[in-house]
Amino acid sequence: MNRLLNISQILVYYDFPHIFTANDKVNTSYLCMLVSIEDEPLFIATQISKIRLINFLNGSVDLRDIFENPEINQIFTFNQIEDEINAKLFELAVIPNSFLPEKDFYFKNHSQSDDIIVQESIEYENAVVHLAVSDEQNNYSIEADDLGDIMKLYQVIIENTYKKELSNKKIKDKKSYYLPNNYKLRAFASSLSSFNIHLYSTSQRDLFGNAIIEVGLEKFSQLISEYKSDDAYIEILRSVKGHSVSTLRKLMKKLIDDNLTIKHKWYSPNKDTVDFIKVTPEKANRIYKVLNSSEELAEEIRIFEGHLVQVDIDKGTWRIKNIEDGNEYSGESNPDYLQGLTVETVNYKITCTELIEAMKVSEKEKTKYILTEIKEIE
Amino acid sequence: MNWIENLPENCPPENSFIPDEFKVFRLAVNETYNKNDFQSQRLQKPTSKFKGISECIARSLSVFNNIDKCKNMSKLPIYKGRWKSIIEIDLVKEDGLVLKTFKANHYSWWISTTFDNSKIKVINIE
């Protein structure tokens, strides 16, 4: 009796994938382990319930126990990890001792108190966020307007920090990373902890559970963490200067004005810990003061490289095909900067100030680019 | 920089870093060590491919920056009863390039031909 499995996540890697999870066609989970590399690599797999898997991940179950005492008395073997794993039922009634790990191999990537968010992360196979909002009543309910405003501002910050962090990274062919599924979150549940919204991501992830949205989530965590000094915090803000800072300022103002507290918790399958940070109105006030201390932090500079598609000197407008993401961008300029430019055949580097004209909550935003410098490039 | 094995194009990745007294740990076979302790997956299993593992990673060596992670690995079936020691190395720029990969404490190390193994310290774990 064979089973076709798909590898889900590599949990332990050391020269080889040693321990990983896989699913069959009806989404039953399997825990898989490398047991020999003498000839061909040999792996064994056993079916595992979500609860037991969670207990393995939170460090309360020994790896040996899972294979020595499987929940369903079946062990499968295979030699390859390909797109589809063809696992064969192991004929022997008892697993040879040489296939078992020593006692006391514990894998711990979270504490038991965080089991819910970890379990959700396993189910959605991606990053999960719990964003809790409470007001002065602190009674597990919240004004719908406040919740809506906070959710909108939070999503915009995640989008902005994600895009900014991505632009700072040396990654080839970034086009697919800019797709909205990589930074948009979907709400799927709520729970009592203030008013706690559960959201999941559909961002790209690899077999180690690294979800690309993490770059935005990590930066947001950094932005709302305690900081050593105002100067140190300004340095962090400089790394995301522009829209992330201006939206963070709006969020902090909202917390201050309406006396709201947020609790931000998130987890991604590759993480060793669940990230949790609370922002009270007092903390928001400290952050807000620093955010207001330097106007240049909110200024967004954008650089495009590519050929000009259109230039209108009379109107002072231009349009460029940006090589990095393949999109066209248009903007305004002092007509003097546009004199003598060549359309279609010459590549230029354009530096712009990016303005967002309508940032009111729940209204659509309009982005405007003002050209400040243009140079010919090879 | 020259490498002890042939590496594919764009390997090591651009974001790998030059170690500067970067302490790492790796399981070893004996109380001393030999060249087998420095074999990448590709050298150990030239024809095996695993989904999700790039050729560049397959030609790197796994190391930890935490000795306890290394000790824990020794309990897994392919190392059980076989590995007896941990080697500790302070990597410097002549030893190659390093990149944090997959999980906290795990690093991939691409070894250069100028790696100096005389500085290795062996720690008995039994």
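First, the ground rules. This is a predicted model: local features need pLDDT of at least 70, side-chain atom pairs count only at pLDDT 80 or more, and totals for chains, interfaces and linings use all residues. Residues are numbered from 1 along each chain as its sequence is written, while chains are lettered from A and ligands numbered from 1 in the order in which they are written.

Let's start with chain B. Chain B has 3 helices and 6 strands. Helices here are DSSP runs of H or I with at least four residues, strands are runs of E with at least two, and both are numbered from the N terminus. Reading from the N terminus, the order in chain B is β-α-α-β-α-β-β-β-β. Its radius of gyration is 14 Å, close to the 14 Å that the globule rule gives for 126 residues, so chain B is as compact as a globular protein of that length. That radius is taken over C-alpha atoms, and the rule is 2.2 Å times the number of residues to the power 0.38. The C-alpha trace of chain B spans about 40 × 30 × 25 Å along its principal axes. Of the 126 residues of chain B, 35% count as buried. Buried means 20 or more other C-beta atoms within 10 Å of the residue's own; exposed means 12 or fewer; partly exposed is in between; C-beta atoms are placed from the backbone.

Next, the contact between the chains. Nonpolar covers Ala, Val, Leu, Ile, Met, Phe, Trp, Tyr, Cys and Pro; charged covers Asp, Glu, Lys and Arg; the others, Gly among them, are polar.

Now to chain A. Helix α4 (residues 144-168) and helix α7 (residues 243-257) of chain A pack at about 155°, with axes 9 Å apart. That makes α4(A) roughly antiparallel to α7(A). The cut-offs are under 35 degrees for roughly parallel, over 145 for roughly antiparallel, 65 to 115 for roughly perpendicular, and oblique for the rest. Axes are lines fitted to C-alpha atoms, for helices over the stretch in contact, and angles run from 0 to 180 degrees between N-to-C directions. The contact of α4(A) with α7(A) has 7 nonpolar, 5 polar and 4 charged residues.

Helix α5 (residues 214-224) of chain A also meets α4(A): their axes come within 8 Å and cross at roughly 110°. That makes α4(A) roughly perpendicular to α5(A). This contact divides into 7 nonpolar, 2 polar and 2 charged residues.

Last, the backbone. Most residues other than glycine have a negative phi, and most peptide bonds are trans. A:Asn27 has a positive phi of about 65°. A:Asn27 sits in the loop between β2 (16-23) and β3 (29-36) of chain A, and is exposed, with 9 other C-beta atoms within 10 Å. A:Asp104 has a positive phi near 70°. In chain B, a cis peptide bond joins B:Cys11 and B:Pro12, with omega about -5°.
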